Amino acid sequence: MELVIANELDAFSLGKLRQDVVDGKIHWRDAQSLICAYYGKKKPWQTKEWKQKRNELIADRCTQCGTQKLPMVLQHTWHSPDIFALKKKIRASLSVEWKEWNEKYPRSRAYDEELIGLTGKNPRQLLKEWYDAFDESHGVTRDAFVKWLDDHIRYMSCEDTITLCRRCAFVSDKTNMILCVICRSNYHSPKFERCFRCAEIKNEKESACS
Ligand SMILES: [Zn+2]
Ligand SMILES: [Zn+2]
């Protein structure tokens with residue numbers, strides 16, 4: 001089996017790898033090792049394709065505060081769920097299979113003292129084995145890996161990005177807060193429509209008018 005990436009792990013080779021996993025031409029585990037080995041040497045944002053996309057998409061002004069003070073950052077507004085969350089979702093869609101499997105191989109066996117004594121393993125290890133066995137026999141890990149690849153291809157496409165100045169990017173990375181559209185100087189949680197200070201001003205105005 002040929003496991004060679006020509007030059008770069010770009011959208012084309014990622015798409016091909018995905019298809020090969022779906023078609024069973026390559027085991028998902030081999031595909032995963034290949035990707036890990038590649039990104040171990042070169043991060044996604046160090047690839048030629050990424051740099052090219054960044055240059056095409058990055059604006060010369062911050063979408064949030066409007067500053068033109070360089071440098072600008074191309075910020076992702078969407079983050080893919082991790083592989084554990086993906087596996088959980090796939091398992092939830094297999095409720096019938098899950099029930100059957102549990103009847104055949106009761107999960108409670110992981111707490112069976114006799115089995116623990118016999119194997120020398122603790123319940124946590126036994127539970128992990130139980131999940132792994134279910135995942136393996138129902139293609140859960142493979143499907144989760146394929147979904148992860150889809151998400152990764154989307155991430156690499158930079159389609160969900162905005163241009164932010166360094167300050168706004170920093171706040172967004174560290175706190176998930178957004179810039180207040182009213183004063184354009186304070187940040188607040190996306191749950192609210194304005195910052196604390198602007199909310200106070202609004203309240204004062206409203207109570208003054210009533
Ligand atoms: Zn900004
Ligand atoms: Zn404000």
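This is a predicted model: local features need pLDDT of at least 70, side-chain atom pairs count only at pLDDT 80 or more; totals for chains, interfaces and linings use all residues.
Q: How are two packed helices described?

A: Two packed helices are described by the angle between their axes and by the distance between those axes. Take helix 1 (residues 11–22) and helix 8 (residues 140–157): their axes come within 10 Å and cross at roughly 165°.

Q: Are helix 1 and helix 8 roughly parallel or roughly antiparallel to each other?

A: An angle over 145 degrees counts as roughly antiparallel. Helix 1 and helix 8 are therefore roughly antiparallel. The crossing of helix 1 with helix 8 is left-handed.

Q: Which residues make the contact between helix 1 and helix 8?

A: Helix 1 contributes A11, L14, G15, R18, V21 and V22. From helix 8 come R142, F145, V146, L149, H152, I153, M156 and S157. Sorted by class, the contact of helix 1 with helix 8 has nine nonpolar, three polar and two charged residues.

Q: At what angle do helix 4 and helix 8 pack?

A: Helix 4 (residues 83–92) and helix 8 pack at about 125°, and their axes are 9 Å apart. That angle makes helix 4 oblique to helix 8. Helix 4 and helix 8 form a right-handed crossing.

Q: Which residues of helix 4 and helix 8 meet?

A: On the side of helix 4 they are I83, L86, K87, I90 and R91; on the side of helix 8 they are V140, T141, D143, A144, K147 and W148. The contact of helix 4 with helix 8 divides into six nonpolar, one polar and four charged residues.

Q: Which residues form the largest nonpolar core?

A: A nonpolar core is a set of buried nonpolar residues joined through C-beta atoms within 7 Å. Here the largest one has 12 residues: L9, L14, L17, V21, W28, A31, L86, V140, A144, F145, W148 and L149. Helix 1, helix 2 (28–41) and helix 8 are the elements that give two or more residues to this core. The largest share, five residues, comes from helix 8.

Q: What is A31 in contact with, leaving aside its neighbours within four places in sequence?

A: With those neighbours set aside, A31 is in contact with L17, V21 and I26.

Q: Is D150 exposed or partly exposed?

A: D150 lies in helix 8. It has 15 other C-beta atoms within 10 Å, so it counts as partly exposed. D150 and H27 are 123 residues apart in sequence, and their C-alpha atoms are 17 Å apart in space.

Q: Which residues does a cis peptide bond join?

A: The bond is between L70 and P71, with omega at about 5°. P71 sits in the loop between helix 3 (48–57) and strand 1 (72–76).

Q: What is phi of C158, and where is C158 found?

A: Phi of C158 is near 60°, which is a positive value in a residue other than glycine. C158 belongs to the loop between helix 8 and strand 2 (161–165). With 18 other C-beta atoms within 10 Å, C158 is partly exposed.

Q: What is phi of R184?

A: Phi of R184 is near 55°, a positive value, and R184 is a residue other than glycine. R184 is in the loop between strand 3 (178–179) and strand 4 (187–188). R184 has 13 C-beta neighbours inside 10 Å, so R184 counts as partly exposed.

Terms used
Residues are numbered from 1 along each chain as its sequence is written. Chains are lettered from A and ligands numbered from 1 in the order in which they are written. Axes are lines fitted to C-alpha atoms, for helices over the stretch in contact, and angles run from 0 to 180 degrees between N-to-C directions. Helices (H or I, at least four residues) and strands (E, at least two) are DSSP runs, numbered from the N terminus. Angles under 35 degrees count as roughly parallel, over 145 as roughly antiparallel, 65 to 115 as roughly perpendicular and the rest as oblique. A crossing is left-handed if the near helix is turned anticlockwise from the far one by less than a right angle, and right-handed if clockwise. Two residues are in contact if their C-beta atoms, placed from the backbone, lie within 7 Å. Ala, Val, Leu, Ile, Met, Phe, Trp, Tyr, Cys and Pro count as nonpolar, Asp, Glu, Lys and Arg as charged, and the others, Gly among them, as polar. A residue is buried if 20 or more other C-beta atoms lie within 10 Å of its own, exposed if 12 or fewer, and partly exposed in between; C-beta atoms are placed from the backbone.
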